[in-house]
Amino acid sequence: MKRLLVLAAAATAIFAHAQTFPGSKPISIVVPFAAGGPTDRVARDLAEAMRKSMGGGANFVVENVNGAGGTIGATKVARAAPDGHTLLLHHIGMASAPSLYRKLAYKPLEDFEYLGMINEVPMTLIGKPQLPANNYRDFENYIRANAGKLNIAHAGLGSASHLCGLMWQSAIKANDAMTTIPFSGTAPAMNALVGGQVDLMCDQTTNTTGQIEAGRVKAFAVTTAKSLSGNKLLKDYPSLQEMGLKGFDLTIWHGLYAPKGTPPAVIAQINNALKVALKDPEFIKKQEGLGAVVVTDKRVEPAAHKAFVTAEISKLKPVIEAAGKFAD
Ligand code: MLT
């Protein structure tokens, strides 16, 4: 009888909490990379759209917890209270980390509730303005001719920029041709590239479009299977596959997550608000203006989102093992 009363009390508390969510307490969206970068950009645009879709009461704040290629921010959310007030906005790093980190502090498929996918973003291979090449062929030849003398920036082991660099170097069989330089995100890495302190980087169009348009960096190729004919700025850059890198196809996706054990009613409330936000014309305009595509298919649903990440983990494992470089 006593046990039943305790269970009833607990259920009432959870139900009461779900009824009152989000209440006045802010909802923190943890971004595992530096402010000003592509993932931070998605989070701030989404927070704006979800403030509206959740009904003015909800107060979303973006919290940058960066380091170790995104795994520090993800660990923070995996260990946070499952009350809906701490969420994670993360990208393909969710799927690459289990293969790159042999001692990962969380299990992507077990320690999180999946809240739905957000967008897909192509990447661009870019170089500092002084780099003596103006097309991909000359660029690749320059890399080969200067093996060991150049460096490539990224946002930490397990980040999207790191994964792209790893896959590209492996594809052109130039694994050790460049020194890799880690940053806390591609925002600070981009500053170093524009300043000529680093030579090249592979980064999401949401962070490169403005720099390419302004001529502050050189672009050489895109990482999607085909060139981006629909993108006014990037349509003339070839895809790496069109440059002969067979099967090279990398698009960065972002999704939203909560700690495992977050009440189903809260998950449903956040997922509903997310789905409305993904249809917000202002949000879509901002994303598409930077080359991103907002997800509209079944992956906006938690189950399909999780199924997609599960498939990505298996897809990336052999790619990362082939490169033979682990983060720990
Ligand atoms: C960022 O927001 O800095 C990027 O997503 C980092 C990366 O993964 O390349």
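Met1 is exposed, with a relative accessible area of 73%, where exposed stands for over 50% relative accessible area, buried for under 20% and partly exposed for what lies in between (1.4 Å probe, protein chains only). The model is predicted, and local features are reported at pLDDT of at least 70 and side-chain atom pairs only at pLDDT 80 or more, while totals for chains, interfaces and linings use all residues. Residues are numbered from 1 along each chain as its sequence is written, and side-chain values use heavy atoms, with hydrogens and water left out.

Met1 is placed in the segment before α1 (2–20); helices (H or I, at least four residues) and strands (E, at least two) are DSSP runs, numbered from the N terminus. Together with Leu4 and Leu5, Met1 makes a nonpolar surface patch of about 390 Å². Such patches are made of residues with over 30% relative accessible area and no salt bridge, like charges being joined within 9 Å and nonpolar side chains (Val, Leu, Ile, Met, Phe, Trp, Tyr) within 5 Å.

The surroundings of the ligand include Phe33, Gly37, Pro38, Ala155, Gly185 and Gln204, a residue being counted if one of its heavy atoms lies within 4 Å.

Turning to aromatic pairs, rings of Phe, Tyr and Trp (its six-membered ring) pair if their centres lie within 6.5 Å, with planes under 30 degrees apart counted as stacked, over 60 as edge-to-face and the rest as tilted. The count comes to seven aromatic pairs. Tyr106 and Phe112 have ring centres 5.7 Å apart and planes at 85°, so the pair is edge-to-face; Tyr106 is buried at 3% relative accessible area, and Phe112 is buried at 1%. The rings of Trp253 and Phe308, with centres 5.3 Å apart and planes at 80°, are also edge-to-face. Because Trp253 lies in strand β9 (residues 251–259) and Phe308 in helix α11 (residues 302–323), this pair ties together parts that are 55 residues apart in sequence. Ring pairs also link Tyr106, Phe112, Tyr114 and Tyr257 into a cluster.

The whole structure holds 18 salt bridges, each a side-chain nitrogen of Lys or Arg within 4 Å of a carboxyl oxygen of Asp or Glu. Three of them are listed here.

| Salt bridge | Distance, N to O |
|---|---|
| Glu63 and Lys76 | 2.7 Å |
| Lys128 and Asp199 | 2.8 Å |
| Lys315 and Glu312 | 3.2 Å |

Lys128 lies in the loop between β4 (112–127) and α5 (136–145) and Asp199 in the loop between α7 (186–194) and β7 (200–204), so their pair ties together parts that are 71 residues apart in sequence. Lys128 is buried, with a relative accessible area of 18%, and Asp199 is buried at 7%. Lys315 and Glu312, three residues apart in helix α11, are separated by about one helical turn; Lys315 is partly exposed at 47% relative accessible area, whereas Glu312 counts as buried at 8%. Salt bridges that share partners join Lys52, Asp280, Glu282 and Lys286 into one network.

Notes. Accessible areas come from the Shrake-Rupley method with a 1.4 Å probe; for residues, only the protein chains shown count as cover.
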